[in-house]
Amino acid sequence: MSARGYEGVVACCPVTEPYVRRSDHGAAWFLAAVLRRLCAAGGLAKAAIDGLCVSSFTLAPDTAVAFTQQVALSPRFLEWLPMGGACGVIALRRAARAVQAGDAEVVACLAGDTANATSFRDLLAGFSSFARDAVYPYGAGGPNASFALIADAYMRATGATRADFGKLAVAQRANAAGNPLALLREPLSLDQYLAARPIAEPLHLYDCVMPCAGADGFLVMAEDRARRLGLPGVRILGAIERHDAFPDDPVQLRGGWAVDRDALWAQAGLAPRDMQVVQTYDDYPVISMLQFEGLGLCAPGAGPSFVRDNDFTIAGTLPHNTGGGQLSQGQAGAAGGYLPVVEALRQVLGQADGRQVADARRALVSGFGMINYDRGLCSAAVVLGRAGV
Amino acid sequence: MSAGARGRMSAGARMIRLQRCAACGTAQYPPRAFCHHCLSDRIGWEEADALPGRVLARTSLHHTHEPRFRAHLPITLALVRFDAGPVAVCFLTGTAAPGDAVRVRRNEDDLLEAA
């Protein structure tokens, strides 16, 4: 049975608490800052928010439950979504269903984290029981080691080269030049990319994200309510998620998108060529290539030729990670899973000052999260379209 | 505990152990309290001096988040598929490349080492 569509619901008011390299503030401070920004952007009293989705790694020992008391909010719909790089797409999906069902009228979706001298190491050491037992003791490379093994297998299977990965990283850095929210805006050349020091071969410095602190958020509500509030909105044309897809694959060369992408495009009534903007979860460029393949932008294994055949800058053939992605904006923990959603909302709403893609009516957003052991477990994607188009 | 039992335990401490479900026969790694396939909790252990496998991918770590590993960089790791089925992250010694057969042992730190 095919899933019901997301008619009658919009996402609006993408906001960001600017990323910083390190912070003395805790995660709750960043989440509260985004909630304050959402109230201001939506022209809403805090009490008008009756639904809440929260994602954070460094909020521990607290969860979304404790956060409601910290900000004195009484939602009748509450989601705690510890889904890393997929949490933004999944929050949007959950929130839209809650609004459709009448379980909430206005849902605030938030993700954010702090960063300090020990937070990233602590996060890696305790990330999951499998990682703690069977990856971390082998050199504490964290996700770098696991993704290096995936990248090595992907290069051998597809013929991808470092220059292919570099093309994506260089294009994203060029896109970041127009984004005042990006922490890394100085130009990056392919030669610089190729000459960078190795981190976990075949991954080198510019394949890896820079951990930072920050937060992102957006609102989800009925389309007529947004209209009454005078808020421009973005429709959800199709959405999918899948967890632990293909558990028998010995190495992850595909994520869950391959299971559900036909349902996604059928629900949207659209095809990849109808997208003016694509945002992927780019914790490493190789993972963006898995998403291109998984979502049908190219055939399985054809990621390298797809990268060689396209220009991923703002004015290119396929504007991709138009704000610079995590590779240039920084990875603010769970906010990394919101960043592709928030950037896509800005593009479709025409609010991407300095990096606006011309005529960006529709966007594909992909999420990928939680490298529990040897692979990322959460895959998700959403097709967005400007309301009234 | 008798001296004999201690002796057997310390000898066994260097054996590599792989879980196998007593109900359905599925092998698994990392260890857990139930079978991922049939969900039975009748989990047994197979022990050997070394287990055969094949390298799926390899990496050399040049960076670590733990100070105690810094003196050992670069550290070479492999993703190894045991002939028995499961996949494990192992230290790699020697020159084995992806596709090559290796044997995996448990080292003095209780960690897996492929060569």
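By class, how many nonpolar, polar and charged residues does the lining of the largest cavity have? Three are nonpolar, two polar and three charged. Keep in mind that this is a predicted model.

**Stop 1: the cavity**

Select A:Thr16, A:Leu181, A:Asp216, A:Gln329, A:Leu339, A:Val342, A:Glu343 and A:Arg346. These residues line the largest cavity. Its volume is about 40 Å³. The structure holds one cavity of 30 Å³ or more.

Now colour helix α14 of chain A, residues 335–349. This helix gives the largest share of the lining, four residues.

**Stop 2: where the chains meet**

Show chain A and chain B together. Here 28 residues of chain A are in contact with 31 residues of chain B. About 2600 Å² is buried between the two chains. Carbon and sulfur atoms give 64% of that area. Next, pick A:Tyr138, A:Leu149 and A:Tyr373. They supply 27% of the area that chain A buries against chain B, more than any other three residues.

**Stop 3**

Select A:Arg121 and B:Glu66. Their side chains meet in a salt bridge, 3.1 Å from N to O.

**Stop 4: the chain A side**

Highlight α4 (119–125), α5 (129–134), α6 (143–158) and β5 (198–200) of chain A. Each gives two or more residues to the side that touches chain B. Helix α6(A) gives the most, with seven residues. Finish by colouring this side of chain A by class: 19 residues are nonpolar, three polar and six charged.

How values were computed: Residues numbered from 1 in each chain as written. Chains lettered and ligands numbered in written order. Predicted model: local features only at pLDDT ≥ 70, side-chain atom pairs only at ≥ 80, totals over all residues. Heavy atoms only, no water. 1 Å grid on protein atoms, 1.4 Å probe; cavity = no way out; pocket = protein on both sides within 12 Å on 5 of 7 lines; lining within 4 Å. Points joined across faces, edges and corners; volume = space filled by probe spheres on them. Nonpolar A, V, L, I, M, F, W, Y, C, P; charged D, E, K, R; others polar. Contact = heavy atoms within 4.5 Å. Buried area = accessible area lost by both parts, 1.4 Å probe. Salt bridge = Lys/Arg side-chain N within 4 Å of Asp/Glu carboxyl O.
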